[in-house]
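Colleague: Please put the model on screen and take me through its chains, interfaces and secondary structure.

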Amino acid sequence: MKKRITALCLVSAMAVTMLAGCGGDTAKQGSSEAEGTGEEIVINYPTFQCGVNTAAPVVDQLISEFNEQYAGKYRIEKEEVPGDQNYIDKIKVQLGTGDLPPVVYGGGYNLLDLALAKDVVVDLTDAVNSDPEWKELYTDAAMTTNSRDGKIYASSSEGNLVGYFYNKELFAKAGLSGPATTWDEFWDQCDKLKAAGITPLALDTADSAWVTSLWMGALVAAEGDDAVAFLKQMTPDDYNNPAMIKAAGEVQKMLQEYTTKDAIGGKYEHAANNFLSEQAAMIANGPWMMSDFSDETKAAPGFADKVGVAIYPGSFVYDAPIQGYFVTKQDDPALEEAAIEMVKFFTSEHAQQVALEVQGMVPASSKVEITEKAKEAYPLLAEFLDLAATAKVRTDNLQATMYPNLLDVVSQELPRLASGEITPEQYCQILTENAQKN
Amino acid sequence: MKTKKVWIPIFLAPAVILFLLIYAVPLVMVFVTSLCEYRLSSDHMQFIGLQNYITLFHDANFRQALANTVIWILIHCTVHVGLGVFIALILYKKPRGWKFVRTAYMVPSIISNAAMATIFVNIFNPQFGVVNSILTKLGLENLTHNWLMETSTAFPSVTMIWTLFAGYTTTLVLAEALTVNESVIEAARVDGASNFQIDVLIMLPLLRKIIGTTMVMAATYMLQMFDLIYITTNGGPGRATTNLPLLLYGTFMSENNYGYANTIGVMIIVLGTIAMVIINKTLKVGQEDY
Amino acid sequence: MNRTWGQLTNRGRLLMILKYIFLALCVIVALFPIVWVVMSSFKTNAEILTDGISLPTSFKFTGYEQAIAISPILKYFVNSVIISSVATVANVLFLAMAAYVFARCQFRGKNILFWLLSLSMVVPMTALLNPVYLVINNLGLTDTKTGLILVYTALNLPMSLLILRSTFLSIPRSLEEAAYVDGAGFVRTFFQIMLPCAKGGLASAAVLAFLNNWNEFTFALILTSGQDARTLPLSLSYFTSQFSFNYTAMFAAITIAVIPSIVIFALFQEQVVSSLTAGAVKE
């Protein structure tokens, strides 16, 4: 019997050491750190803006500046969650279990409304109103995006100013002098490009079809005031309107006649590559793409000089601040305060300027000056900002306003729209049905 | 054997504790919430009886996902496992280079699914993918397709991604086949049995249990199959390649409808149980040889 | 066992040729993905996206340099080795114990318990997310290797249970009966007689569990936040974000993740098979 007990002890001891052995140190480290630093408050900040994300250097710079400025008082601990979708998934699990980090970046994923439904968001109204400098940075549009029921819950740092890029050289080959100002002219240009053996458009359908959706929204916007009002509506649950159906029909034509073979099922990367490798003459996308034009692993040297920028036909440009950072309710009021301080810092004029200069990101606030340094780094950006200023119609993009579950539906149905298996009417009906599941 | 009795609970304890920690609560939650209206956006669950189930059976998306899942399970349990067993039956006779084949055939299973999916997106790419390139070179240009994105070809194309790579099955069956005493086979050979007869009449019955185990694994693998589809077709075009886990994920993660999602979860559990019972009964997996 | 070429009939020769053609095809199909990955790790992003099957134009290691610079892949690699190995050993040991009892002993509720444990095989991943997060959080194991080890040990529970029960069932009872007659107890019989006999099944279960652990992504993402417990699959996310990508570095990272496991697998299987053929037990 003794032997057996010894054996059992051995087995269980083995198991315990195996399970406990490796984790022990880390756990200890964590607690001693919290005690040792005394009054310094640590803000754990998970972010997807790391790795190849173009905002990674901006976030790094802001964190180190913040930690320097608030040394001894607050400190941000960056926690890398690479991959946008991974970040959303993780935040959703934490939302479900009530364990959110102090600062969440809503990005283009509308996390704010989910968090508000759970009543875990800190009301920033007083903090913003008591600080004129902060308040001044809120444009009307930013106020709408970041407020609910008259209360401010979030703060934006990035604008979402999106037009499209075109390849001047390919345009010249087809005898075109510049971007179209009306949609009729636009279709005419597509035909001319095609006749010259050039694929007019770089499009995608996978991963929620970002590029293609931009064209679709621009086509909707051309259909008059009702259509623009529809684009401004948050989470619409009816897509059966004439403007949407007409736009879906036109996108069908784009996918069938004016794009590359691999657009159907292609991801953003494929669309981007088709434009960067001069396989297609136009791509709809935001200014953050500009740094790719001179990246020699992605485009041939000298490509950047061939790229022109435009706003959409009908004097339209996407213009809406991206939903910003929000603070979540914490047990420790001091931590909440620290988090508010961090949000203020991350959306300050200085922060927006850093993003502009480092990343070419359009600031959320019109108060932010476009510095010479930024113009020099991104000459195309300066040109684009001037163009955008002339636009007469501006709204948010389709993806930002749709229910998140529609993003997958778009990827599933666009290939069928392209093959003619479903009609534009059916496409809009499917979107409507899925929107109503929410 | 009184002492033996004492050891039973002790030997079972670790496995049961692991089960209780990780699986017990989710299992109960799946069943309970499937009877509730329960969303991420609201904190309370409301009991609604079988309403979710009624909705589910009227849901065309569910019916398609169910059909796809069942077809995939059948293909996986027969073609995939059959291929794995066939290769194992060739390899256990140790033909020249068998060790190399064994290791090489396992390699695709070592690569993560996310990577495999990316690879196959490229293989099936309509513009430069291997499949279309080969067809074009053979002068069969009219047979080229946008394989993953046309409703008629998406399902078979996705199926190809996992059907050919039966490394797990081969490894398991081969390990078992190698323990078979060579004298059994030699005796049969002396009696004039051909290779084919030895494989079918002696080896297959001896390997019955492990084949049954690999079938159960194949069936449940298909009931958990997610990332290979998610990355290649995202369930499209339309719902042509949506299976139950994909439908569940969408309902859970993007529609945030936990109650309904878990109703789909219950269906997955039921389907899994049915598959296991059928396989166990047919192959008598749980019985001893001697 | 193999007859030589000369001894074969024409039909036998034809079959043999067909057999080797078939095996060659299997090898080609099986190795294609990894060859493609390694090749792509030497191509530029434009080359990968423009022509997926072309050969790289130059053999530069920039992809590997970038992979290491962009993501903490080497640290993750070490974490992966520790977490996957410990979880595999724990899993196979615990489940061998349980599987042995299920295969050999009779007790009340045995079938129900076995069915319950097998059921964990079909519990949807999404249903596990929130409860497992809470359990690990309450145990204070968030962001520790221990937390992940615990979860991984459990995740492979049903698969190892099935494989190992099947293995124990096919070992003749006469072996342990002899041991009992010699006066060996339950535990000693298990560790000294049964486990060595079950080497084949143990190795298979271990290989499969290890590979699952090595490639697991979701829980690694949800349960870790710092860099001390993160595993390799997470590093791959560093290379694609919504509007930027670096495929070269990503495929380099996949190569870094895969090649060692192939080598380990090859060596491990060599060991196992030599021990297996030495002690064939089936009659």
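Modeller: A residue counts as buried if 20 or more other C-beta atoms lie within 10 Å of its own, as exposed if 12 or fewer do, and as partly exposed in between, with C-beta atoms placed from the backbone. This is a predicted model, in which local features need pLDDT of at least 70, side-chain atom pairs count only at pLDDT 80 or more, and totals for chains, interfaces and linings use all residues. Residues are numbered from 1 along each chain as its sequence is written, and chains are lettered from A and ligands numbered from 1 in the order in which they are written.

Colleague: What percentage of the residues in chain C is buried?

Modeller: The C-alpha atoms of chain C fill a box of roughly 70 × 70 × 30 Å along the principal axes. Chain C has 14 helices and two strands; helices (H or I, at least four residues) and strands (E, at least two) are DSSP runs, numbered from the N terminus. Of the 283 residues in chain C, the buried share is 53%.

Colleague: Among contacts in chain C between residues at least 6 apart in sequence, what share joins residues at least 24 apart?

Modeller: Two residues are in contact if their C-beta atoms, placed from the backbone, lie within 7 Å. Taking the contacts in chain C between residues at least 6 apart in sequence, the share that joins residues at least 24 apart is 77%.

Colleague: Which helix gives the largest share of the side of chain B that touches chain C?

Modeller: The contact takes 83 residues from chain B and 81 residues from chain C. By class, the chain B side has 56 nonpolar, 18 polar and nine charged residues. Here Ala, Val, Leu, Ile, Met, Phe, Trp, Tyr, Cys and Pro count as nonpolar, Asp, Glu, Lys and Arg as charged, and the others, Gly among them, as polar. The largest share of that side, 18 residues, comes from α1(B).

Colleague: And which helix supplies the largest share of the side of chain B that touches chain A?

Modeller: In this contact, 24 residues of chain B meet 27 residues of chain A. At least two residues of the chain B side come from each of α1 (2-33) and α12 (244-254) of chain B. That side divides into eight nonpolar, 12 polar and four charged residues. The largest share, three residues, is that of α12(B).

Colleague: How many residues does domain 1 of chain A bring to its contact with domain 2 of chain A?

Modeller: The assignment for chain A, with bounds from an automatic or database domain assignment, gives domain 1 (42-158 + 322-369) and domain 2 (161-319 + 386-435). Their centres, taken over C-alpha atoms, are 29 Å apart. The side of domain 1 that touches domain 2 has two nonpolar, five polar and no charged residues. Domain 2 brings seven residues to the contact, and the number from domain 1 is seven.

Colleague: At which residue does helix α21 of chain A bend?

Modeller: The bend at a residue is the angle between axes fitted to the seven residues ending there and the seven starting there. For α21 (residues 405-419) of chain A, the angle is about 30 degrees, and a proline, A:Pro415, follows within four residues of the bend. The bend is at A:Glu413.

Colleague: Which elements of chain B do the buried residues of α21(A) pack against?

Modeller: In α21(A), 12 of its 15 residues are buried, among them A:Leu406, A:Val410 and A:Leu417. Within chain A these buried residues pack against α11 (210-221), α13 (242-257) and α22 (424-435). From chain B, the partners are α7 (151-163) and α12.

Colleague: Which residue of β10(A) stands opposite A:Asn167?

Modeller: Strand β7 (residues 159-167) of chain A has nine of its nine residues buried. It pairs antiparallel over four bridges with β11 (residues 316-321) of chain A, where A:Asn160 stands opposite A:Ala320. β7(A) also pairs antiparallel over four bridges with β10 (residues 307-310) of chain A. There, the residue opposite A:Asn167 is A:Val307.

Note on methods:
Two strands pair if DSSP finds at least two bridges between them.
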